[in-house]
Each structure stands twice: as structure tokens, then as C-alpha cells.
Amino acid sequence: MSGGPPKGLPSTGPHSLLDMPHPLAGSSSEEAVGGDSTPSPDLLMARSFGDKDLILPNGGTPAGTSSPASSSSLLNRLQLDDDIDGETRDLFVTVDDPKKHVCTMETYITYRITTKSTRVEFDLPEYSVRRRYQDFDWLRNKLEESQPTHLIPPLPEKFVVKGVVDRFSEEFVETRRKALDKFLKRITDHPVLSFNEHFNVFLTAKDLNVYKKQGMALLTRVGESVKHVTGGYKLRSRPLEFAAVGDYLDTFALKLGTIDRIAQRIIKEEIEYLVELREYGPVYSTWSALEGGLAEPLEGVSACIGSCSTALEELTDDMTEDFLPVLREYILYSDSMKSVLKKRDQVQAEYEAKLEAVALRKEDRPKVPADVEKCQDRMECFNADLKADMERWQNNKRQDFRQLLMGMADKNIQYYEKCLMAWESIIPLLQEKQEAK
């Protein structure tokens, strides 16, 4: 990490269970879940986890994408008729300009959220509001309640960087700003979540507290059914495709957690090494004052070590600010996916319980009640939405990790090249002294 005290922020003062078309949508949803054909679970899993990248509409934001320094520069560059992945983009959101607010009871950070859109749901073409972290948390909770069949992107943890004492430091706040910006871009890129009424309010309302107090909208029927599950009924078994997803998520989270812990240890050791280098280099410089004939080579070694220190500091900053946050985001993403899977299981359990109740009736040909059919529709809706979101998530993950790993390789190459150049620079000095003898 960079040396010296952290910089401060400007203050304001004191289906059936097989693939099927989405029951609540038309042909576009059919395409989202694979069209009219019904692939086998094995084929679905192979397509989801092993194939090449899938080019999806409204694909995720690349890991390396960051918003410019000011929203005005972003808005000047954006064109609403730009065609991205074959689709016309009509909604752009960016998070920037963090500010520290000092009040009598608390101190907190707000972020400027700039929205530009041509959608009819927005009364104006452009909005600019300020939101704090708990407002983002409110939005995510509302999305989970109103869209229980969809995967909601995770928020950054309350404390993004472990060991950071000053949560108002410039480094901490910038790390959080990037994560919040990505959170909103994930929602913006989603064909369902981006039209959610709570998201609209979050982006446009001048006073969000009014809507928080009102609760604004009740849970959807799907959400209510998820919360009201037949008590005591145990799910027989997940369909093979969803069971495979659950196993994959367990392994995925375990591997990422291991990588995260090792990466943190590596960064810690690099920071300790950096401290040693900063003490090591000046020793050669002070020694040079005592060695007239070796003064120039010793000063060269000191400068070389200084250059290596700067390169190492840049590498550790890049790892801390770019590499670790992506790992943590996807660890949280796996938890979010497990939560949606659990809700899907609850709906399936409710459906199975209702079917058993109908089968136990003493009628020769029991009629399937309307509530059982509605429960089946909800289960099919869950299956279709979850499959579409899993496919989208896999596509985003491949893009993000490809960029992440390529960036990490590039940063390491740059680090070693800088160190190599620094050490090569003192060779002529040593050769000159040898020729002089």
C-alpha cells in the first residue's frame, strides 16, 4: 500500500422441472431460456459451465470498466443510439464524486449518481442525486423482495478492505465507489431489474427517505408465495441441473475463498518487503559518503532499490484495489445465487405438498385446484428466470475473470520489467569502475 497517512475527503462541515418457456412472457423470454427445444440437464450444464463465451443481450460490465472523473465527461461521451452487443442502450448510470458529511449525530459519505435515459419510465432525460451506502442497501433489499426469482447483484461488504481503520480515507472510499458503481451497472444491464420501480425511485427521487418510510410497494405475489411455504414439508430432491449448480457454487466459493486468503497473505508479505526495501536503499546512499571511489555505484544501487520499491508499491496497490474486490464480489455472488436456489426449492416444496394433498383426496378423479396450478406456474417461472440469470452470470464471470487475470499478468510483467531496467541501469557504472582500474 502507499506510504504516508491516508488522504482525506472534502467535507461539507458539522417448469415441470425441465426447460420450458417463461409462463409470464412471450417469445423473447423463450429465447432467453433456450427457445422451444428442451435440452437435457447434462447438455444444459455443459453449455453453462464449459462452453465458450455466450454473447447475451445486456451483458455484464467488464471488470476493468470504471467511471470517468466526472459525470459530465461521461455524459458527453455517451450516445444513446450506440449499439452494444446488438442492442440499443437506453440507460446509463454512473457513481462518482464521493463527499464526506459531518453532522451532529453521525458522519457519513454520499455519492453522486448520474442517470441518463430515453426510457418512457423516466420523466426527464437526465437525473443527478446523492445516495449513501444504506440507500444502496435499501435498494438491494427491495429488489430481493419484489424480484425473488432473479439473482440480485451483491453489494460490497460494510468494510471492503480488511485492516482499514479510517473508513473515510480516500483509498477506502474510492474502493467502495467502484464497487457501488459496478453494482448499479449490473442492475442497469439486466433486462428485468433495470425496469424495477424501486430502481427507478432510487435513481430519480430527491428525497429517498419518503419512500423508505412509506415502503412504497407491497411484495409481489411471487414474493409472498416464497415467504409462505408449507411448513414441515421436505423437498424430495432438486432437479439434476439445479443440483449441479448448487454443487458448483459450493466448490466455486471454496476455491475463491482459498485464493482470496492466499492473495491477502502475499500482499501482506509484499508490504512487509516494501518496508524493508525502503530502509535498505538509503543505507547504500549514506555508505557512499564514506567511499569516494565507490560513491557513484553505491548511489546507483540506492536509486535502483528506490525504483524497485516504487514498482512494488504500484503492484500491491493494483492487487488490493483491482484484484481482491473482484474475488470478494464473486464470493458474495455465490451466496446470492445460493439464496435464490433456496427460494426456488421452497416453491417446489410447496408445489409438491399441494400435489400430495390433492392425491390423498378420496375422489376417483380429483380435480387439480387453481391454487396448485398457480403454484406450478410460479415454480416454472422460477426455473426459467433462474436459468436465464445463471447463464448471464456465467457469461459475466468469464468476461470479468479473463480481464482480471490478463490485467494481473500485465501488472506483474510491468513490475519485473521495471526492476530489470533499474538493475541494468547500474551495470555501466560498475563496468566503468572496473575499466578505470
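A crossing of two helices is left-handed if the near helix is turned anticlockwise from the far one by less than a right angle. The legends below refer to a predicted model.

**View 1. Helices H9 and H10 pass each other in a left-handed crossing.** Helix H9 covers residues 240–288 and helix H10 residues 295–359. Their axes come within 8 Å and cross at roughly 165°. Angles over 145 degrees count as roughly antiparallel, and H9 and H10 are therefore roughly antiparallel to each other. Sorted by class, the contact of H9 with H10 has 30 nonpolar, 11 polar and nine charged residues.

**View 2. The largest nonpolar core has 31 residues.** Those with the most contacts inside this core include Leu256, Phe323, Met337, Leu386 and Trp393. At least two residues of the core come from each of H9, H10 and helix H11 (370–425). H10 supplies the largest share, 14 residues. A second, separate core has 29 residues, among them Val93, Leu143, Phe168 and Phe202.

**View 3. Tyr330 is one of the residues with the most contacts inside the largest nonpolar core.**

**View 4. Aspartate 97 lies in strand S3 (residues 91–102).** This residue has a positive phi of about 50°, although aspartate 97 is not a glycine. Its relative accessibility is 27%, so aspartate 97 counts as partly exposed.

Note on methods: Residues are numbered from 1 along each chain as its sequence is written. This is a predicted model: local features need pLDDT of at least 70, side-chain atom pairs count only at pLDDT 80 or more; totals for chains, interfaces and linings use all residues. Side-chain values use heavy atoms; hydrogens and water are left out. Axes are lines fitted to C-alpha atoms, for helices over the stretch in contact, and angles run from 0 to 180 degrees between N-to-C directions. Helices (H or I, at least four residues) and strands (E, at least two) are DSSP runs, numbered from the N terminus. Angles under 35 degrees count as roughly parallel, over 145 as roughly antiparallel, 65 to 115 as roughly perpendicular and the rest as oblique. Ala, Val, Leu, Ile, Met, Phe, Trp, Tyr, Cys and Pro count as nonpolar, Asp, Glu, Lys and Arg as charged, and the others, Gly among them, as polar. A nonpolar core is a set of buried Ala, Val, Leu, Ile, Met, Phe, Trp, Tyr and Cys residues joined through side-chain atoms within 4.5 Å. Buried means under 20% relative accessible area, exposed over 50%, partly exposed in between (1.4 Å probe, protein chains only).
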